[in-house]
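Q: Hi, could you walk me through this one? I'd like the overall picture before the side chains.

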Amino acid sequence: MSQPGQDAKFFQRGKIEEFRADLQAAETKDKKFVKRKTVLKKIVANITMGNDMSPLFTDVVQCLGTPLLEIKKMVYLFLVSYGRSRPDQIHLVIPNFLQDCNDRNPLIRALAIRTMSYIPIPVVTEALSDNLRHCLKDRDAYVRKTAAICVAKLYSADPRKAEKGGFVEMLRDLMLDSNATVVANAVAALSEIGDRQDGVIFKLNLTTANKLLAALGESSEWGQIYILDSLLRYVPQRHADAETMAERIIVQLQHANSAVVLTTIKVLLYLMNYMENRRLIDYCCKKMGPPLVTLLSSGPEVQYVALRNILLIIQRRPAVLKNDVRVFFCKYNDPIYVKLAKLEIMYRLARAENANEVLAELQEYASEVDIDFVRKAVRSIGRLAIKVEAAADNCIQTLLNLIETKVTYVVQEAIIVIKDIFRRYPGQYEGIIPTLCANLDALDEPESKAAIVWIIGQYANRIDNAEELLDDLLYTFLEESVEVQLALLTAAVKLFIYKPSSEKAKELVSKILKWATEEVDNPDLRDRGFMYWRMVAINPTAAGEIVLAEKPPITTDSDRMDRGALDQLLLHTGTLGSIYHKNPETFIRNAAGKALADSPALNPHSRAVLIPLTPVQLPPTAVQVPGPGPVESHAKNETSEAPDADAEDNGETAPPPPPVAKTELEGEQEVDLESDQEEDAPARKRTAGSDPYSNLDGAFGNYLADEPRPMGTNSAGRNEVDDLLF
């Protein structure tokens, strides 16, 4: 083996003719294969740099007869890169593949079988099948663990061939192998096959799950991740089974690898849905806290992944980090995306006991230089006032102090959240309205303008100069955004209802209704103008009862996300779905969905919000169009030979073949490759015209799930998590 750093000289762009000449020259006087090895290193280096070396296919393939492992590795690497693009020449390599599959050296046997699996060409796949069957039963564990991964490659190239050849059953048997690495690779291959929409359904029974747990301690860290992740495919039938399994894997929380820690937490959260022992559940929650806090000492990227997962976990299990709010206080050198994630978690963990501490920290953030962060901090102060009633007075005082700074964006955010506080605590804080109205000139954003207009209209009976304020705002009515125009229209009608005898109010409402119905193009605004005009003209009393009706108070409950959707998202802890807070099937094509499975051990609360998976319906393999089609020029001479030509002319077509159903693989039970398991297919039904990437706009920091909204809406309804799941 060459020393590190000595191969840098090979990374120079070379010419095909020179490499070919060097390879031919190396065949004569090269007893120790030094020249051949050097040329192959240059070729592999050029492949790494992105240069096309495929014209050297036949010359490189001739080196396969060299009895040197290092040369074989480089030739096989070349074949992995260019094998599939040379289907007409790949037959030259098949004899060498077959010879190496029976070599005495296990490294060469594994290398040959792995390279064949990377070339999904029918002639290679055919040669792979018999040799793969032997390698799965090889006496050497290295060959067996390589062959296990090759089964997944074969399945992706030809699923029917892999199923009919019995390779899935052989993988199942490998899960009981004596070597932990072989077990982990078999689990990884079965998981990959099971995640396909047209693959088998991979489930575990208790016996197999216990044997996988026994191999956990001897596996590598990535093997542990595969094994732990596969435990989600085991559905406990008794509370005791789930509790025993949780006790066996909880030690993995001490692992140094963050992926192992997050996967262990994912399995524990899954098993808690099937556990009955409240003391054990509390113990697991207590044990989960320190590893999550430790992840925050990593780099900012790992921190962000941990924070996004923590945000999901504390919504489902608040006890995990209920006393660790100080850990999430922002540092001066944190990136903005980490700060925003910490800000949301601080709000989630805030309660009466630590509200003043959180409020003091948020007040510090409101004087930062980053405008987006300051806006989020000010908005969080308002949300804190709505969430924790005991802290509302202090939050209002803090917001008033921020308004006195006269910083434009701070004032605007403060007015937006104060509007929500007025709705949350009606009749308590209206005394600060004059302070808000004094800052009217500082407002230049639609949301803040709409907020102050709402306040003026809602409390027009308490504001002496409400008519003058609205009159000033109406000067730019036609240039305002629709949001502000709607707010001004409603506020003017409220003013008229509060003060029906005021000539100024009559003038304002008449002017704005005329603008809204005659000079505005927006249909929503125009329709609302007509509606208000008719109500005010026909029955002002009824109009007052409608426009000034009592509004439901608002809240920002910490558990705003739908419980069933939350349980489903927690099954993706540590994956991309936990960062986006969306199920993978919403943004990854052909991704398989996950959901809690019903069983006698499932907790009643989890069962009540259970979201079943929709059976997948695969598209037909052929598209049939009724009726005769245009006759192609090259097919005119073949019409007499077509056996179904008459049927086509009559508009009769054969029905499309039925979609292939998933088959079930459970532990050591039989695999029925013909059974129909549509009710268990773990993939959500997708519409053909939907864009799977259309929901990623708010993936980084748009915490829309907790915007203030009426308490009367059904917080458990799916309409509130449209941006998260559906």
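This is a predicted model: local features need pLDDT of at least 70, side-chain atom pairs count only at pLDDT 80 or more; totals for chains, interfaces and linings use all residues.

A: Happy to. Residues are numbered from 1 along each chain as its sequence is written, and side-chain values use heavy atoms, with hydrogens and water left out.

Q: Great. How many helices and strands are there?

A: There are 33 helices and four strands. Helices (H or I, at least four residues) and strands (E, at least two) are DSSP runs, numbered from the N terminus.

Q: And what share of the residues counts as buried?

A: Of the protein's 726 residues, 51% count as buried. As for contacts, meaning heavy atoms within 4.5 Å, residues 24 or more positions apart account for 70% of those with a separation of 6 or more.

Q: Let's go to a helix. Is α30 mostly covered or mostly open?

A: Mostly covered: helix α30 spans residues 563-570, and seven of its eight residues are buried. These are Gly-564, Ala-565, Leu-566, Asp-567, Gln-568, Leu-569 and Leu-570.

Q: What covers them?

A: The cover includes α15 (258-272), α17 (300-316), α31 (576-580) and α32 (604-608).

Q: Switching topic: at what angle do α12 and α13 cross?

A: Roughly 160 degrees, with the axes of α12 (residues 206-216) and α13 (residues 221-230) coming within 10 Å. Axes here are lines fitted to C-alpha atoms, for helices over the stretch in contact, and angles run from 0 to 180 degrees between N-to-C directions. That crossing makes α12 roughly antiparallel to α13. On this scale, angles under 35 degrees count as roughly parallel, over 145 as roughly antiparallel, 65 to 115 as roughly perpendicular and the rest as oblique.

Q: Which residues make the contact?

A: From α12, Leu-212, Ala-215 and Leu-216; from α13, Gln-224, Ile-227, Leu-228 and Ser-230. By class, the contact has five nonpolar, two polar and no charged residues. Ala, Val, Leu, Ile, Met, Phe, Trp, Tyr, Cys and Pro count as nonpolar, Asp, Glu, Lys and Arg as charged, and the others, Gly among them, as polar.

Q: Now aromatics. How many pairs does a search of the whole structure find?

A: Eleven aromatic pairs. Rings of Phe, Tyr and Trp (its six-membered ring) pair if their centres lie within 6.5 Å; planes under 30 degrees apart count as stacked, over 60 as edge-to-face and the rest as tilted. In Phe-422 and Tyr-459 the ring centres are 5.7 Å apart and the planes at 80 degrees, so this pair is edge-to-face.

Q: Where in the chain do those two sit?

A: Phe-422 is in helix α22 (residues 408-424), and Tyr-459 is in the loop between α24 (446-458) and α25 (466-474), so to speak distant parts of the chain, 37 residues apart. Phe-422 is buried at a relative accessible area of 1%, and Tyr-459 is buried at 9%.

Q: What is Trp-454 in contact with?

A: Leaving aside neighbours within four places in sequence, Trp-454 is in contact with Lys-419, Arg-423, Tyr-459, Lys-494 and Lys-551. Trp-454 is in helix α24 and counts as buried at 18% relative accessibility.

Q: Last topic, backbone. What is phi at Lys-406?

A: Near 65 degrees, a positive value in a residue other than glycine. Lys-406 lies in the loop between α21 (392-403) and α22, and counts as exposed at 55% relative accessibility.

Q: And His-581, buried or exposed?

A: His-581 counts as buried, at 5% relative accessibility. This residue lies in the loop between α31 and α32 and has a positive phi of about 60 degrees although it is not a glycine.

Conventions
Buried means under 20% relative accessible area, exposed over 50%, partly exposed in between (1.4 Å probe, protein chains only).
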